[in-house]
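Subject: Structure handover

Hello,

Here is the structure you asked to look at. Please open it first, then read the notes below it.

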Amino acid sequence: MDESSFILGVDLDGVVGDFYGAMRKIAAEWLDKPLDTLPEEVSYGLDEWNIDESGGYDRLHRFAVTQRNLFRDMQPIKDAPAVLRKLSTRGIRIRIITHRLFLKYSHKTSITQTVDWLDSYDIPYWDLCFMADKGAVGAHVYIDDAPSNVERLRAQGCRTIVFSNSTNRDLPGPRADNWLEVERLVLEALEEWRTGTVDLFEGMDVNKSV
Ligand SMILES: [Mg+2]
């Protein structure tokens, strides 16, 4: 497999891993509140949990990763590992693109937990990119949940599927509510790419651009 392959750019938190479900349990402990007092419908930044009065998002996130092994112990989103294995078997190159290194001074912990987690659920990937500017690495189609990422990728001309959760309900499609829909949308994009029926790339074609 080489760069002439069809590349799927995959976000991890909130797309392959149940980031918000895991964070909710850790936040309940950290805030010392019953789990059911923390709403499941959260916006990006978790304002609904009133974490600012206890130190804020960055502090909770650091606790979750360094003390509760968030990146190693979170549950996968239903069907995500199995669908990624199927897409990989179809010849699609899985390129994981995550901004997990935004947590400073804990890079070894973040990377080690991430790789262990990917292995433990047998999630296939060719490339593992830790970076904020997801459009800079290139993919034929991206899947992401964070509104700012989806909007930036689309503004850059990158075909981007939004993976539904409570942080992104206002965004326009294409949208997948579950991983079976991801599979369908990605296979559609693959077929269009193979047959050349639609110009998917809008200037972002990693194979044809100079
Ligand atoms: Mg995400």
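How many disulfides does the count come to? Zero, by the rule that a disulfide is a pair of cysteine sulfur atoms within 2.5 Å. In general, a disulfide is a covalent bond between the sulfur atoms of two cysteines. Cys129 is buried, with a relative accessible area of 14%. Cys158 is buried too, with a value of 5%. Buried means under 20% relative accessible area, exposed over 50%, and partly exposed in between (1.4 Å probe, protein chains only).

A word on the source. This is a predicted model, in which local features need pLDDT of at least 70 and side-chain atom pairs count only at pLDDT 80 or more, while totals for chains, interfaces and linings use all residues. Residues are numbered from 1 along each chain as its sequence is written, and side-chain values use heavy atoms, with hydrogens and water left out.

Next, the metal. Asp11 (OD), Asp13 (O) and Asp145 (OD) coordinate the magnesium ion at 2.1 Å. Donors are N, O and S atoms within 2.8 Å of the metal (3.2 Å for Na, K and Ca); water is not among the atoms, so sites may look incomplete. The donor residues follow the spacing D-x1-D-x131-D in sequence. Asp13 sits in the loop between strand 1 (7-10) and helix 1 (19-31), and Asp145 in the loop between strand 4 (141-144) and helix 6 (147-155), so the pair ties together parts 132 residues apart in sequence. Both Asp13 and Asp145 are buried. Helices (H or I, at least four residues) and strands (E, at least two) are DSSP runs, numbered from the N terminus.

Now helix 2, residues 57-68. Leu60, His61, Phe63, Ala64 and Val65 are buried there. The buried residues of helix 2 pack against helix 1, helix 3 (70-73) and helix 5 (107-120). Contact means heavy atoms within 4.5 Å. Asn69 follows helix 2, and its phi is positive, near 50°.

Last, a helix pair. Helix 4 (residues 80-89) and helix 7 (residues 179-195) pack at about 20°, with axes 9 Å apart. Axes are lines fitted to C-alpha atoms, for helices over the stretch in contact, and angles run from 0 to 180 degrees between N-to-C directions. Helix 4 and helix 7 are therefore roughly parallel, a term for angles under 35 degrees. Among the residues that meet are Val83 and Leu87 in helix 4, and Leu180 and Val186 in helix 7.

Best wishes

Key
Angles under 35 degrees count as roughly parallel, over 145 as roughly antiparallel, 65 to 115 as roughly perpendicular and the rest as oblique.
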